Amino acid sequence: MTLPARIALLLLLPALPGAAAGVDIPALVECRQGIAEHAALGAATADPLRAVALGLQPMPQQNQFMTEFRLANPATVFGRQTDHIALAGASVMAVLDLADPRPLAGELKLETAYDADGKFMAGREVVSRDTTDPRTGEPMIESIILSVSTVRSHPGQTLAGCTYSLDLPAEEATAPAPTASAEG
């Protein structure tokens, strides 16, 4: 069976039992999940058949830095309904039909980082906790940042969601590199 035929068949079937286990898109967008759940969404969206089984229909890309999906069932995030999400790096965002992002940023108590030239960006860190890298056992910091922004490729719309990351502790991340002595 060809890939398009398999996708068409999956669109006709209900979501597979357990297919969405660990992937709660509204919770991911609203920063109510963690790194593991974000990774599960990333793995699912990397496979077109798994994405479709989760109710995510790939959309044409309007922005080269984002992968966009239409939700089979609209979701409510931040009190607003959407059927459109975008993934960009470690971020998962709802694409909302809001021309002015400022009221939502205010509701979410975000700090404005940039507001000029038709571009708006606001955010705040909602989670910062010590953890351990499951692969290496190294100490890490799990960080989850809530943000609201605009992007030129989506006029009249606002992106709202979360960035999930694992970072090295500050002392390891900022340690100066050894330098060679010129006096040698």
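These are my notebook entries on one protein chain, looked up in a predicted model.

**Entry 1: the overall layout.** I began with the secondary structure, and I noted that the protein chain has 6 helices and 8 strands. Reading from the N terminus on, I wrote the order of the elements down as α-α-α-α-β-β-β-β-α-β-β-β-β-α. I then turned to burial and found that, of the 184 residues in the protein chain, buried residues make up 35%. For the surface I noted that the chain exposes about 10,600 Å², and that carbon and sulfur atoms supply 56% of this area. Last, I looked at contacts with a separation of 6 or more in the protein chain, and I recorded that 49% of them are between residues 24 or more positions apart.

**Entry 2: the disulfide.** I looked for disulfides next and found that the structure holds 1. I reminded myself that a disulfide is a covalent bond between the sulfur atoms of two cysteines. Here Cys31 is joined to Cys162, with an S to S distance of 1.5 Å. I wanted to know which parts of the chain this pair ties together. Cys31 lies in the loop between helix H2 (25-29) and helix H3 (35-46), whereas Cys162 lies in strand S8, so the link ties together parts that are 131 residues apart in sequence. I also noted the geometry, which is left-handed, with -105° about the S-S bond. Both Cys31 and Cys162 are buried.

**Entry 3: Thr150.** I then moved to the loop between S7 and strand S8 (158-167), where I found Thr150. Is Thr150 buried or exposed? Its relative accessibility is 9%, and because buried means under 20%, Thr150 counts as buried. Leaving aside residues up to four places away in sequence, I listed what Thr150 touches: Pro101, Gly118, Lys119, Phe120 and Gln157.

**Entry 4: Thr136.** My last stop was another threonine, Thr136, which I placed in the loop between strand S6 (119-132) and strand S7 (139-149).

Definitions and conventions
Residues are numbered from 1 along each chain as its sequence is written. This is a predicted model: local features need pLDDT of at least 70, side-chain atom pairs count only at pLDDT 80 or more; totals for chains, interfaces and linings use all residues. Side-chain values use heavy atoms; hydrogens and water are left out. Helices (H or I, at least four residues) and strands (E, at least two) are DSSP runs, numbered from the N terminus. Buried means under 20% relative accessible area, exposed over 50%, partly exposed in between (1.4 Å probe, protein chains only). Contact means heavy atoms within 4.5 Å. Accessible areas come from the Shrake-Rupley method with a 1.4 Å probe; for residues, only the protein chains shown count as cover. A disulfide is a pair of cysteine sulfur atoms within 2.5 Å.
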